[in-house]
Amino acid sequence: MAGLEEMKKAKVVKVESEDSWNLFLSQASNHGCPVIVHFSASWCVPSLAMNGYFEELALNYQDILFLLVDVDEVKEVAAKMEIKAMPTFVLMRDTEVLSKIVGANPDAINNLVDSCVQSTTVPQSDSV
């Protein structure tokens, strides 16, 4: 199985099964790596339109694991995550959902990524 470093090199990693989903989340959690998931469908034009943007984010934020889940191919994961519409973007840390965005909204997704990056930085000390 691919390690976390190999998964990151792929930029956006497509989840092929519920087992691979569990593996990716477990490895990300073990490494303290946040995860952003794009739940998509091959027939959903807004989902397809967001693929390039999602890939670009993955290139720019290499400390975040970016996953792509086709809801028709990995129905168990979509059901477990209660995905009702596509595209849906989910921010996770330690296998817990922190935020969810429904719809093709690049500004909201960018804010989500920025908040994720800010939460992973070490806070500055208050002392002078």
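Okay, ground rules. It's a predicted model, so to speak: local features need pLDDT of at least 70, side-chain atom pairs count only at pLDDT 80 or more, and totals for chains, interfaces and linings use all residues. Residues are numbered from 1 along each chain as its sequence is written, and side-chain values use heavy atoms, with hydrogens and water left out.

Let's start with the sheet. It's open, with 5 strands in the order β1-β3-β2-β4-β5, and the pairing is mixed. Strands here are DSSP E runs of at least two residues, helices are H or I runs of at least four, and both are numbered from the N terminus; two strands pair if DSSP finds at least two bridges between them. At the edges, pairing on one side only, sit β1 (12–14) and β5 (96–102). From one strand to the next, the twist averages 25°.

Now look at β4, residues 88–93: it runs antiparallel to β5, joined by 6 bridges. Over there, Phe89 stands opposite Ile101 in β5.

On to the helices. α2 lies across β1, β2 (35–40), β3 (65–70) and β4, at about 165° to β3. Helix α3, residues 45–60, packs on the sheet too, touching β1, β2, β3 and β4, and makes about 165° with β2. Contact means heavy atoms within 4.5 Å; angles run from 0 to 180 degrees between N-to-C directions, with axes fitted to C-alpha atoms, for helices over the stretch in contact.

Last, Asp19, in α2 (residues 18–30). Buried or exposed? Asp19 is exposed, at 63% relative accessible area; exposed is over 50%, buried under 20%, partly exposed in between, with a 1.4 Å probe and protein chains only. Its C-alpha is 9.6 Å from that of Val77, 58 residues apart along the chain.
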